Amino acid sequence: MTTTRPDARDTTKRARRGRRGGRAAGVGSRRTPFRSLAVRNFRLFAAGQVVSVAGTWMMVTAQDWLVLSLTGTPARPWAP
């Protein structure tokens with residue numbers, strides 16, 4: 001009875017997968033700009049960050065607008 005090592009079988013499977021068009025890291029694989037969006041958790045994280053940044057921009061704009069409407073002069077954080 002002949003047995004093969006588990007790591008030898010894995011290497012063979014990886015080699016066959018590579019010949020059929022599977023992507024091996026760093027070996028002829030084409031990099032796409034948004035490949036990370038294939039991961040669901042990262043998509044959720046990225047969408048949450050976009051919403052967060054948009055909300056922050058709106059908050060800063062509303063705050064500046066409020067200061068302008070209450071005082072009549074623009075808010076200048078750099079002025080003494």
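This note reviews a predicted model of a protein.

1. Basis. Residues are numbered from 1 along each chain as its sequence is written, and side-chain values use heavy atoms, with hydrogens and water left out. In this predicted model, local features need pLDDT of at least 70 and side-chain atom pairs count only at pLDDT 80 or more, whereas totals for chains, interfaces and linings use all residues.

2. Overall fold and surface. The protein has 2 helices and 0 strands (DSSP runs, H or I of at least four residues for helices and E of at least two for strands, numbered from the N terminus). Of its 80 residues, 0% are buried (under 20% relative accessible area; exposed is over 50% and partly exposed in between, with a 1.4 Å probe and protein chains only).

3. Nonpolar patch. Phe-34, Leu-37, Val-39, Phe-42 and Phe-45 make a nonpolar surface patch of about 500 Å² (residues with over 30% relative accessible area and no salt bridge, nonpolar side chains being joined within 5 Å; a salt bridge is a Lys or Arg side-chain nitrogen within 4 Å of an Asp or Glu carboxyl oxygen).

4. Aromatic pair. The count comes to 1 aromatic pair (ring centres within 6.5 Å; planes under 30 degrees apart are stacked, over 60 edge-to-face, the rest tilted). Phe-42 and Phe-45 form this tilted pair, at 6.1 Å centre to centre and 45° between the planes. Both lie in helix α2, 3 residues apart, about one turn of the helix. Helix α2 covers residues 40–71. Phe-42 is partly exposed at 34% relative accessibility, and Phe-45 is partly exposed at 48%.

5. Segment after α2. Arg-76 is placed in this segment and counts as exposed because its relative accessibility is 52%. Its C-alpha atom is separated by 9.5 Å from that of Asp-64, 12 residues apart along the chain.

Technical notes: Patch = residues over 30% accessible without salt bridge, like charges linked within 9 Å, V, L, I, M, F, W, Y side chains within 5 Å. Areas by Shrake-Rupley, 256 points an atom, 1.4 Å probe, with all protein chains shown as cover. Phe/Tyr/Trp six-rings, centres within 6.5 Å; stacked < 30°, edge-to-face > 60°.
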